[in-house]
Amino acid sequence: MNKYLAELRPESWPSPCFVTDLALLKKNAAILDGIQKRTGAKIMLALKCFSQWETFPVLSRAMDGPLYGCCASSPDEARLAREDFRGEVHAFAAAWSEEELTETLRYADHIVFNSFAQWKTFRPLVQKAEKERDMSIECGLRLNPEHSEGAVPIYDPCSPGSRLGIRPAAFHAEMEKDPHALDGISGLHFHTLCEQNADSLSRTLEAVEKHFGSSFSRMKWINFGGGHHITRADYDIELLCRCIEHVRDAYGVQVYLEPGEAVALNAGVLIATVLDVVQADMPVAILDASAACHMPDVLEMPYRPNIIGAGEAGEKNFTCRLAGKSCLAGDVIGEYSFDRELVPGDRLVFLDMAIYSMVKTNTFNGLRLPSIAVWDSETGQRRVTRTFGYEDFRSRL
């Protein structure tokens with residue numbers, strides 16, 4: 001890691017700055033491609049997690065990368081997928097307005113609905129778009145197997161009270177009421193996981209088949225959703241492949257997966273600078289990066305991101321609390337220890353920041369967004385692709 005830090009040269013980048021390592025992104029993509037080649041599954045990039053379009057040539061099959069396309073949750077994501085990633089464009093939203101769906105249908109070739117009611121309401125809109133684009137648009141329904149694997153309720157699509165997906169009772173009631181309810185539906189989608197291993201998928205799949213398996217053979221495709229931590233070192237790829245192959249062979253369908261985190265897991269960092277160190281109940285280093293503005297999952301999840309060269313509180317010589325510069329009292333990143341006292345000007349490198357942080361940034365307090373950069377740790381290529389200023393703040397309001 002010290003060698004990696006030396007090659008990264010944190011002091012050479014703007015601060016704060018998101019830096020995505022293209023070499024690590026390629027390694028993740030190669031793992032995913034190996035699964036595709038073995039099983040025939042199609043893996044899609046979930047843009048809600050990672051949308052750094054400058055990296056798309058590394059990922060997109062249309063540009064010699066391995067991934068078949070993108071999953072979008074809005075018209076803007078669908079447009080980005082169509083124009084910059086190309087390939088297939090799948091879109092899902094918990095509910096569509098007519099205006100949003102009309103725009104999304106200009107770009108998407110798969111639309112997934114969250115309820116039978118939305119499907120019935122918007123089927124004529126889909127048919128109109130098919131005529132205008134002179135192509136078939138495949139439609140699907142999202143399922144909720146009422147099987148929870150997630151530990152954090154806010155990220156658990158199957159938590160009690162979840163609005164996401166059609167539950168078994170509602171699905172079968174609709175089928176009894178209307179035997180043709182699935183006419184025009186070519187696929188079924190479930191998404192139940194968050195940063196989990198293949199054993200969670202295996203258990204989920206049992207629940208999904210139990211409740212909805214009788215309809216699988218009528219479908220062209222089954223989408224396993226996201227949350228698969230495939231590129232993590234301890235991930236059980238063999239079990240994942242068995243799950244894919246089972247559904248593929250048992251029902252004669254195309255299997256899709258749409259991970260976001262697995263694509264860019266551990267492939268990016270956030271570089272920040274110490275601005276001041278104040279004394280509270282312990283030393284507090286105030287950074288130019290903010291949890292509230294630049295890595296909101298730290299507060300939302302919550303979690304404590306790792307930093308190169310830092311340890312747990314009390315592990316090394318100097319323990320302090322790291323905090324952001326916004327006026328939010330709770331803009332605190334966590335407690336860390338370092339080999340020496342931090343002083344203004346020190347650069348810190350937060351790990352695994354390509355995923356979610358970059359797409360969730362905001363300008364609370366008028367804090368400027370971190371610059372965005374790409375770096376290839378194998379070739380040495382480095383480039384700052386985006387910086388932000390006053391107009392980016394003003395134009396949002």
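Me: In which helix does Leu 299 lie?

Reply: The model is predicted: local features need pLDDT of at least 70, side-chain atom pairs count only at pLDDT 80 or more, and totals for chains, interfaces and linings use all residues. Residues are numbered from 1 along each chain as its sequence is written, and side-chain values use heavy atoms, leaving out hydrogens and water. Helices (H or I, at least four residues) and strands (E, at least two) are DSSP runs numbered from the N terminus. Leu 299 belongs to the run of residues 297-300, which is helix α12.

Me: Is Leu 299 buried, partly exposed or exposed?

Reply: A residue is buried under 20% relative accessible area, exposed over 50%, and partly exposed in between (1.4 Å probe, protein chains only). Because its relative accessible area is 34%, Leu 299 is classed as partly exposed.

Me: What radius of gyration does the chain have?

Reply: The chain has 14 helices and 16 strands. For its 397 residues the globule rule gives 21 Å, and the chain's own value is close to this, so it is as compact as a globular protein of that length. The radius is taken over C-alpha atoms, and the rule is 2.2 Å times the number of residues to the power 0.38. The radius of gyration of the chain is 22 Å.

Me: What share of the 397 residues is buried?

Reply: The accessible surface of the chain comes to about 17200 Å², with 50% belonging to carbon and sulfur atoms. Of the 397 residues, the buried share is 55%.

Me: How many residues apart are Lys 26 and Asp 376?

Reply: These side chains meet in a salt bridge at 3.7 Å, N to O, where a salt bridge is a side-chain nitrogen of Lys or Arg within 4 Å of a carboxyl oxygen of Asp or Glu. The pair links distant parts of the chain, with Lys 26 in helix α2 (residues 22-39) and Asp 376 in the loop between β15 (371-375) and β16 (382-386); their separation is 350 residues.

Me: Which residue of this pair is buried?

Reply: Lys 26 has 42% relative accessibility, so it counts as partly exposed. At a relative accessible area of 3%, the buried residue is Asp 376.

Me: Which strand holds Arg 321?

Reply: Arg 321 forms a salt bridge with Asp 281, their closest N and O atoms being 3.1 Å apart. Asp 281 sits in the loop between β10 (268-279) and β11 (283-287), whereas Arg 321, 40 residues away, lies in residues 318-323, strand β12.

Me: Which helix does the salt bridge of Lys 360 with Asp 297 link to helix α12?

Reply: The closest N and O atoms of Lys 360 and Asp 297 are 2.7 Å apart. Asp 297 lies in helix α12, and Lys 360, 63 residues apart from it, lies in residues 357-360, helix α13.

Me: Is Asp 297 buried or exposed?

Reply: Lys 360 has a relative accessible area of 26% and is partly exposed. With a relative accessible area of 11%, Asp 297 is buried.

Methods: Areas by Shrake-Rupley, 256 points an atom, 1.4 Å probe, with all protein chains shown as cover.
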